Amino acid sequence: MAIEVTSLTAEQIVADSKRYTLYDWQAQSKASPLAIDRAEGVYMYGVDGRRWLDFSSQLMGVNIGHGDKRVTEAIARQAEKLPYISPFQAFEGRAILGRRLAELWPGDIEKTFFTLAGAEANENAVKIAKMVTGRQKVLARYRSYHGSTYGTMMLTGDPRRWPNEQPPMPGVVHVLDPYHGPQREVDDAQTALALLEETIELEGPHTIAAFILEPVTGTNGILIPPDGYLQGVRELCTRHGIMLIADEVMCGWGRTGAWFAVNHWDVVPDIITTAKGLTSSYAPLGAVGLAPHVAEYFDENVFWGGLTYNTHPLGVAAAIAAVQVIVYAGAILVLYLFVVMLLNLKHDDRYHRQWPVACLIGATLVIEGIMLSFVRGRAIPPAPANTETAVEGLGNTEALGDVLYSTYLFPFEVASLILLVAMIGAIILAKRDLLEPKES
Ligand SMILES: Cc1ncc(COP(=O)(O)O)c(C=O)c1O
């Protein structure tokens, strides 16, 4: 028998939500929620039919937009089959997502511990750093937000921490970062690193387990570090045996134009944490990625932690699909840019002869992209999940992929890239010519 859901009016929804549930970060009398019925693409729709443009993708987490059927159907399929299983067991989604993250995490980060949200991911990251190093202190920056559980609130540097210090958690040391607010200039990387090093020396490097930071700071102001800062932090941490924890809860999953913000500076943290965009917020899931030298510690030592909902199947299904949607969105964007470029060439008389060539290059790049995603496992193939078995006769897919890639696709890719750059150059030149006044 289906459970009946009554339809409430917008006023009832707001009144009962306010009366019976507690709202975040405000005195309850000040809460003024909207009664939302559904959301689709970039819009959310009120029960009263009004439409809002969701400029912030809710809490900066619905990275792929609302209502994507590929994700909702993946969750529904998982819910039908196996909505929950104890974290002591294995299931297909766990295996697929684990492997997928190992491919996407920066550098050689491979093993993942799943949580329910960003704060839990940071809590566990810090616990892991302390277990592995045997040290007690954690450095965090004043201009930071790391979550609102007790531990992560204490890591958080901004004033949201103050009312939560009941009492302050021992062992957290806050440090300055390159930004000081509008009153003072932004430090260059060298100055910021010198201040950081001084604190490390004064605290005693051998007492510090970890330095947690948002590579691109989120709620404290969308702060991009000066070039060289993150590389310098990496070097300081390595030199002193301090674990670098990159909190990519907000800045991960394409939000800065790369899979992860650290990728912009080629920095590989010891531990990376994420949530939000991992499932595009379609279901709760957080993750802690561990570099091999961190993960190895737990080969023989007990991981003293656990969560009833570690690797929750619904979150896992949402993540597999949502990450794949980002992959496709990237491919579609490239395709879109190509079409724009092709049209540009077609409509410019002087370049019409290049148009078929450009078409050919575009088509080869698209085919190559598809082949790459199949062959290299960079994208989950848009085929049944048991693709592995379909190519069993050919041996290991990855080995096969590597051979195909190095023999055929790599030279092909380099050639296409050179042609692509040439095409872009041609378009830019064409535009410049068009803008210049013609001599009569
Ligand atoms: C950088 C950062 N870390 C951690 C968190 C906490 O994540 P959650 O609210 O999922 O616990 C947030 C949330 O906004 C965040 O922006």
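**Reading a ligand shell and a sheet**

Q: How do the residues of the shell around the ligand divide by type?
A: The shell divides into seven nonpolar, six polar and two charged residues. Ala, Val, Leu, Ile, Met, Phe, Trp, Tyr, Cys and Pro count as nonpolar, Asp, Glu, Lys and Arg as charged, and the others, Gly among them, as polar. The model is predicted: local features need pLDDT of at least 70, side-chain atom pairs count only at pLDDT 80 or more, and totals for chains, interfaces and linings use all residues. Numbering starts from 1 along each chain as its sequence is written.

Q: How many residues surround the ligand?
A: A residue is near a molecule if its C-beta atom, placed from the backbone, lies within 6 Å of it. Here 15 residues surround the ligand, and the closest are Ala117, Gly118, Ala119, Gly147 and Val249.

Q: In what order do the strands of the open sheet stand?
A: Strands (E, at least two residues) are DSSP runs, numbered from the N terminus. Two of them pair if DSSP finds at least two bridges between them. Seven strands form this open sheet, in the order 4-10-9-8-7-5-6, with mixed pairing. Strand 4 (111-115) and strand 6 (172-175) are the edge strands, each pairing on one side only.

Q: Is strand 5 mostly covered or uncovered?
A: A residue is buried if 20 or more other C-beta atoms lie within 10 Å of its own, exposed if 12 or fewer, and partly exposed in between, with C-beta atoms placed from the backbone. Five of the five residues of strand 5 are buried. Lys137, Leu139 and Arg141 point one way, Val138 and Ala140 the other.

Methods. Helix = DSSP H or I, 4+ residues; strand = E, 2+ residues; numbered from the N terminus.
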